[in-house]
Amino acid sequence: MRNTSKMRKADIWSKDIVVQDCGGLLAENSDWEGDAGLLYMVNHVFDTNKALLNRTRPELRVDDIAFLVTAGTGRRAIAYARDGARAIIVEVGLIRALWTRAASIAHLPGVLANAFPIAEDIDQSWMAESCDSVPGMSDWDCSGDRAEYCVDLFLHMLEYVVVHEIAHHVRGHLKLVNAETGLHLIDETEARTSKTPEVSAAEGFLVQDLEFDADAYGLELSLAAMDEKHPFAMQWDQASATEWQFQLIFAQLMVAQVIDDARKADGAYSADGHPAPLHRAINYGNLVSRSLQDLVGGPLQAYVDMHAVAWSEAGYVAKGLSYPKGRWHDDHGKEMATGDYQLLEERYFASSRRIDGLSRG
Ligand SMILES: [Zn+2]
């Protein structure tokens with residue numbers, strides 16, 4: 001029996017109803033070759049993190065999670081389980097959108113202008129909010145260093161998505177959402193739209209708690225994977241820590257902007273209790289900054305300053321791509337009101353405490 005893992009994966013998942021709803025497995029699609037480069041990169045990000053987490057956190061058993069890229073052109077990423085088999089489903093539409101975002105960053109003169117300056121009159125005729133085909137890097141009219149850095153940011157965006165979905169699995173979130181049917185999924189679109197989650201009133205906080213918790217624990221997984229690769233105690237100084245801090249925060253902000261279809265100007269929580277993408281981003285960036293300062297050390301102000309740089313650069317991206325003023329930029333990048341941090345942080349950890357309580361039963 002030719003029982004390769006690839007065949008098993010296809011056997012188990014290719015006819016699955018949720019996989020089909022997300023467009024079916026991309027690799028079984030006749031014209032998938034146009035996305036071959038993106039497919040390679042996202043699989044590389046998943047495989048790398050899986051291998052590192054297998055070594056450092058074997059008890060999480062992340063090696064049994066199947067990673068499925070589907071042909072759907074939406075922007076869905078889903079943590080999914082069926083009959084005890086675990087999977088992460090990502091529609092290629094999301095990966096294309098993130099790649100397009102990386103290409104946009106490369107071509108916006110006001111962004112990364114100090115580190116990688118480009119001409120104000122760079123050709124932007126190809127730029128689009130979202131594209132059906134992937135703009136090839138050969139068409140990128142900017143320096144190799146700048147292009148390389150933007151590809152690196154793209155990999156960071158993918159990593160944020162991947163570890164977030166892994167976190168939904170290893171934190172047991174699926175069992176909390178829909179324990180009785182045996183079909184569990186958390187659909188990121190549920191967490192960013194105004195749809196009412198199918199949870200009881202008593203559990204009305206659940207969906208937003210799960211998202212905060214997956215962001216926080218996903219970061220913990222990223223830190224664990226990095227520590228396995230480059231131990232914090234041995235190889236890091238403040239400069240390398242704040243450089244990675246920038247990449248993590250900026251990449252998460254790009255994903256949050258990309259999945260924020262509503263493009264609202266305000267930063268408020270929605271009426272039914274879902275966390276606005278902005279609040280997830282505030283919490284995540286805050287946690288990145290504090291975690292890296294804890295792990296690597298150096299004056300807090302250096303991390304506070306880099307946090308501000310990441311938000312400001314992300315603000316210029318939002319402005320350059322014509323997001324309305326308010327939620328993602330204020331015409332001068334974006335400065336966060338730091339007075340809210342303590343309140344938001346309390347909310348963040350309260351979410352994880354509630355999840356812990358539910359998981360313990
Ligand atoms: Zn999620």
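The protein chain has a mean pLDDT of 81, and 77% of its residues reach 70 or more; pLDDT is the predictor's confidence in each residue, from 0 to 100. This is a predicted model, in which local features need pLDDT of at least 70 and side-chain atom pairs count only at pLDDT 80 or more, while totals for chains, interfaces and linings use all residues. Residues are numbered from 1 along each chain as its sequence is written.

Confidence is highest in strand S1 (residues 65–70), at a mean of 96, and lowest in helix H7 (residues 188–192), at 59. Over residues 193–203 pLDDT stays under 50, and the model has 10 contacts for them beyond four places in sequence. Residues 268–274 also have pLDDT below 50, with 14 contacts beyond near neighbours in sequence. Two residues are in contact if their C-beta atoms, placed from the backbone, lie within 7 Å. Where pLDDT is low, the predicted coordinates should not be read in detail.

The chain comprises 13 helices and four strands, taken as DSSP runs numbered from the N terminus (helices: H or I, at least four residues; strands: E, at least two). Of its 361 residues, 42% count as buried. A residue is buried if 20 or more other C-beta atoms lie within 10 Å of its own, exposed if 12 or fewer, and partly exposed in between, with C-beta atoms placed from the backbone.

The largest nonpolar core has 93 residues, of which Leu98, Met157 and Val255 touch the most other members. Helix H10 (residues 238–259) gives the most to this core, with 13 residues. Such a core is a set of buried Ala, Val, Leu, Ile, Met, Phe, Trp, Tyr and Cys residues joined through C-beta atoms within 7 Å. Leaving aside neighbours within four places in sequence, Leu98 is in contact with Phe154, Met157, Leu158, Val255 and Val258. Helix H4 (residues 92–107) is largely enclosed by the rest of the structure, because 15 of its 16 residues are buried.

How do H5 and H10 lie relative to each other? They are roughly perpendicular, a term for angles of 65 to 115 degrees; under 35 counts as roughly parallel, over 145 as roughly antiparallel and the rest as oblique. The axes of helix H5 (residues 144–170) and H10 come within 8 Å and cross at roughly 70 degrees. Axes are lines fitted to C-alpha atoms, for helices over the stretch in contact, and angles run from 0 to 180 degrees between N-to-C directions. Residues of H5 including Met157 and Tyr160 meet residues of H10, among them Phe250 and Val255.
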